[in-house]
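Here are my notes for a colleague who is meeting this structure for the first time. Please read them with the sequence and the model side by side.

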Amino acid sequence: MLGKIKTGVAIALLAGASFAVQAAGLGKLTVSSALGQVLAAEIDLVSMQPGELDSLTARVASPEAYRDAKIEYSSVLRLLRFSVEKRANGQPYLKVTSVAPINEPFVDVLIEVTWPAGRLQREYPILLDPPGFSEAKATARVAASKAPAAEPAPAPASQAAPV
């Protein structure tokens, strides 16, 4: 009898674990704006189940959640807005924007996503480079790759001593 109970518990745990694996999730963050600009970022939505996308909502987590996670809550977080969008290929993503320019180079965001079957929180550090910084780095890399290879200096001509 005890063996059957243990087996039943194990099956229930495995079933729960497989459900958790199939739950909605947050993937990679891509930022396309710079310091001093309105935030423009995207977060991949992964493992979405049919119907979850229609009821999914996202927001900055509460100040209490920040405290519990030992993350500093910044007033700039009140500027952030989230919306669920789809790319041309149908891949869903979370669009993250701000209602005003972000003038802090580093913003630690704790995002809370909810849908009828669950809820999750995930931390994303957002690093904002000064405008033109990434283009300048890319230009420097391209210029370095196109620079001609240094040619060795010609060897001095040897002079024969008169005999």
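**Notes on the strands, the core and selected residues**

1. In this predicted model, strand β4 (residues 80-86) pairs with β5 in the antiparallel sense, and 7 bridges hold the record of that pairing. Within the pairing, glutamate 85 stands opposite tyrosine 93 of β5. The hairpin that β4 and β5 make has 5 residues between the strands, and glycine 90 in this hairpin takes a positive phi near 90°.

2. Strand β5 (residues 92-101) also runs antiparallel to strand β2 (residues 38-46), to which 6 bridges join it.

3. The pairing of β1 with β2 is antiparallel and extends over 5 bridges, and in it threonine 30 has glutamate 42 of β2 as its bridge partner.

4. The reader will find another open sheet, made of 3 strands in the order β3-β6-β7, again with antiparallel pairing. Its edge strands are β3 (57-60) and β7 (118-127), each of which pairs on one side only. In this sheet, too, neighbouring strands are turned by 25° against each other on average, with direction ignored. Strand β6 (residues 106-115) is joined to β7 by 10 bridges, and the two run antiparallel; isoleucine 111 has arginine 122 in β7 as its bridge partner.

5. Read along the sequence, the elements follow the pattern α-β-β-α-β-α-β-β-β-β-α. Of the contacts in the chain with a separation of 6 or more, 55% are between residues 24 or more positions apart. The chain has 163 residues, of which 27% are buried, and its accessible surface comes to about 11,100 Å², with 60% of that belonging to carbon and sulfur atoms.

6. Which residues touch the most other members of the largest nonpolar core? They are Leu26 and Ile111, in a core that has 32 residues. At least two residues of this core are supplied by each of β2, β3, α3 (63-68), β4, β5, β6 and β7, and the largest share, 6 residues, comes from β6.

7. Leaving aside neighbours within four places in sequence, leucine 26 is in contact with Ile43, Asp44, Leu45, Val46, Leu94, Ile111, Val113, Leu120, Arg122 and Tyr124.

8. Valine 113 is found in strand β6. Is valine 113 buried or exposed? Valine 113 counts as buried because its relative accessibility is 2%, which is under the 20% cut-off. If residues up to four places away in sequence are not counted, valine 113 touches Leu26, Leu56, Thr57, Ala58, Gly118, Arg119 and Leu120. Valine 113 and valine 60 are 53 residues apart in sequence, while their C-alpha atoms are 8.8 Å apart in space.

9. A search of the whole structure finds 1 aromatic pair. Tyrosine 66 and tyrosine 73 form this pair, which is edge-to-face, with 5.0 Å from centre to centre and 90° between the planes.

How values were computed: Residues are numbered from 1 along each chain as its sequence is written. This is a predicted model: local features need pLDDT of at least 70, side-chain atom pairs count only at pLDDT 80 or more; totals for chains, interfaces and linings use all residues. Side-chain values use heavy atoms; hydrogens and water are left out. Two strands pair if DSSP finds at least two bridges between them. Helices (H or I, at least four residues) and strands (E, at least two) are DSSP runs, numbered from the N terminus. Buried means under 20% relative accessible area, exposed over 50%, partly exposed in between (1.4 Å probe, protein chains only). Contact means heavy atoms within 4.5 Å. Accessible areas come from the Shrake-Rupley method with a 1.4 Å probe; for residues, only the protein chains shown count as cover. Axes are lines fitted to C-alpha atoms, for helices over the stretch in contact, and angles run from 0 to 180 degrees between N-to-C directions. A nonpolar core is a set of buried Ala, Val, Leu, Ile, Met, Phe, Trp, Tyr and Cys residues joined through side-chain atoms within 4.5 Å. Rings of Phe, Tyr and Trp (its six-membered ring) pair if their centres lie within 6.5 Å; planes under 30 degrees apart count as stacked, over 60 as edge-to-face and the rest as tilted.
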